[in-house]
Amino acid sequence: MNHFSLEKGELYADGVPLERIAQQVGTPTYVYAGATLDRHVRVLHEAFGRERRLICYSVKANSNLSLLERFAKAGAGFDIVSGGELQRVLKAGGSPQKVVFAGVGKTRDEMVAALKAGILMFNVESAEELKALDAVGQELGVRAPFALRVNPDVVAQTHRHISTSKASKFGIDFKEARALYAESKVWRGVKAVGLDFHIGSQLTKLAPVKHALAKVAKLYRELGAAGLHLTHLDVGGGIGIRYENESTPTLQQWAKAVLEPLKGLDATLVLEPGRVIVGNASVLLTRVLYRKKQFIIVDAGMNDLIRPALYEAHHEIVPVRPRRGAKRAVDVVGPVCESADVLGKKRRLPPLEQGDLLAVMSAGAYGMSMSSNYNSRPRAAEVLVDGDGYRVIRERERIEELWRNEV
Ligand SMILES: *Cc1c(COP(=O)(O)O)cnc(C)c1O
């Protein structure tokens with residue numbers, strides 16, 4: 001569900017007409033609906049009821065400070081994948097005790113910073129990484145809390161670029177994990193506190209989740225029986241959303257699928273949702289520049305939203321003020337000098353004229369956070385709508401900022 005809707009023939013973000021934002025802030029601009037963000041956090045909390053659990057919003061989905069601050073105030077923790085994301089969370093007022101640190105390539109400096117900040121746990125992805133963490137812990141005279149990220153080896157049924165199957169670089173297989181937990185018991189710089197997995201992103205089927213959970217819950221119990229007392233079971237993120245016509249489980253169904261295999265397990269559940277919280281809470285607002293053949297050339301490109309080019313992802317495209325007239329199939333493309341710079345192919349849209357505004361829907365996750373300056377294009381502005389007001393939460397980048405670190 002989201003708070004973008006057509007009212008009296010024009011598209012609104014909650015109580016604000018998108019046209020007003022385009023006039024005042026310019027385009028391209030990411031527009032977030034605060035009410036949708038709040039709703040998703042609330043529904044997720046409710047779905048997991050009174051279970052002992054911690055919702056760690058996955059910062060990489062969208063790392064704007066204003067959004068992080070909002071989630072921190074709603075009681076969320078954070079799933080980070082770099083030292084940069086750690087600093088963002090701290091800057092936004094997030095509690096380090098609710099931070100989990102994922103990723104296959106944490107550097108020594110990142111480990112030191114996270115350990116000093118006092119994060120909840122490191123989700124460790126290899127034996128060598130655990131050794132490195134142990135060395136850092138010993139140097140600082142503390143035992144770094146960790147979970148091993150295991151790879152349950154299930155087929156996630158999602159796009160190959162966002163699945164984390166056994167052939168990917170992610171996770172440790174169960175056999176090696178068992179050995180590593182046992183071996184590391186006597187290491188003085190680390191302390192096992194949890195078990196972690198994450199099978200992929202944009203999951204729209206529950207079967208792979210249930211399958212993975214059953215395997216991981218069994219391992220958690222086994223480790224307990226072997227005398228390893230863990231306190232946290234981290235089930236990752238990956239909850240899929242509707243971009244086009246996917247049928248997705250409700251969050252209640254999702255929660256049920258997660259909780260059932262864990263019945264009776266003595267663990268605090270950690271969830272790492274990203275996309276499901278921010279995805280449908282934003283549109284990318286863009287203006288039509290030119291028309292030629294079947295192409296509608298707009299002022300937002302793959303540098304602003306790379307998902308269609310990178311993942312063959314579908315985003316609905318909606319005119320902000322739909323004109324009357326017969327629809328025809330068009331390709332909505334950006335200005336970047338790449339044939340892959342397509343936002344939507346073969347879309348049946350009503351007549352469009354130069355200067356018309358389009359909203360690229362469901363652009364809140366992996367949109368702005370994956371944007372770049374390719375073609376020396378300044379990054380888009382970001383706007384947050386609450387009720388019938390809005391504020392700019394990231395200024396449009398200025399051209400001079402593009403070379404500030406160059407000689
Ligand atoms: C990316 C990622 C997430 C968030 O995934 P979503 O699909 O956005 O929910 C959670 N955990 C890990 C380890 C990730 O890499």
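The structure is a predicted model in which residues are numbered from 1 along each chain as its sequence is written, and local features need pLDDT of at least 70, while side-chain atom pairs count only at pLDDT 80 or more and totals for chains, interfaces and linings use all residues. Side-chain values rest on heavy atoms, with hydrogens and water left out. Helices (H or I, at least four residues) and strands (E, at least two) are DSSP runs, numbered from the N terminus.

Strands β1, β2 and β3 make an open sheet in the order β1-β2-β3, with antiparallel pairing. β1 and β3 (16–17) stand at the edges with a single partner strand each, so one side of each has no neighbour in the sheet. Two strands count as paired if DSSP finds at least two bridges between them. Strand β1 (residues 4–7) meets strand β2 (residues 10–13) over four bridges, whereas β2 and β3 are joined by two. Y12 of β2 is the bridge partner of S5, and Y12 also stands opposite P17 in β3. The hairpin of β1 and β2 has two residues between the strands, and K8 takes a positive phi there, near 50°.

The loop between β2 and β3 holds D14, a residue other than glycine with a positive phi near 50°. For accessibility, buried means under 20% relative accessible area, exposed over 50%, and partly exposed in between (1.4 Å probe, protein chains only). D14 counts as partly exposed because its relative accessibility is 25%. Further along, T27 and P28 are joined by a cis peptide bond, with omega at about -5°. P28 sits in the loop between α1 (18–25) and β4 (29–33).

Another non-glycine residue with a positive phi is S362, at about 55°. S362 lies in the loop between β18 (357–360) and β19 (381–386). With a relative accessible area of 9%, S362 is buried.

Helix α3 (residues 65–73) is where S66 is placed. At the start of α3, a side-chain oxygen of N64 comes to within 2.7 Å of the backbone nitrogen of S66. S66 is buried because its relative accessible area is 13%, and the buried residues of α3 also include L67, L68, R70, F71 and A72. Leaving aside residues up to four places away in sequence, S66 touches R391 and I393, where contact means heavy atoms within 4.5 Å. After α3 comes G75, whose phi is positive, near 95°.

Toward the end of the listed features is E400, in the segment after β20 (389–394). E400 counts as partly exposed, at 44% relative accessibility. The side chains of E400 and R398 are joined by a polar contact of 3.1 Å. A polar contact is a pair of N or O atoms within 3.5 Å; within protein, one must be able to donate a hydrogen and the other to accept it, and residues adjacent in sequence count only if both atoms are side-chain atoms. E400 and P378 are 22 residues apart in sequence, with 9.2 Å between them in space, C-alpha to C-alpha.

On a 1 Å grid over the protein atoms alone, a cavity is a set of points where a 1.4 Å probe fits but cannot get out, and a pocket is an open set with protein on both sides within 12 Å along at least five of seven lines; lining residues have an atom within 4 Å of a point. Grid points are joined across faces, edges and corners, and a volume is the space filled by probe spheres set on the points. One cavity of 30 Å³ or more turns up in a search of the whole structure. By class, the lining of the largest cavity has ten nonpolar residues, four polar and no charged. Here Ala, Val, Leu, Ile, Met, Phe, Trp, Tyr, Cys and Pro count as nonpolar, Asp, Glu, Lys and Arg as charged, and the others, Gly among them, as polar.

The second largest pocket holds about 380 Å³ of space. Of its 17 lining residues, M1, H40, T248, P249 and N280 are the closest to the centre. α2 (34–47) and α9 each give at least two residues to this lining, and α2 gives the most, with three. The lining of the second largest pocket divides into seven nonpolar, eight polar and two charged residues.
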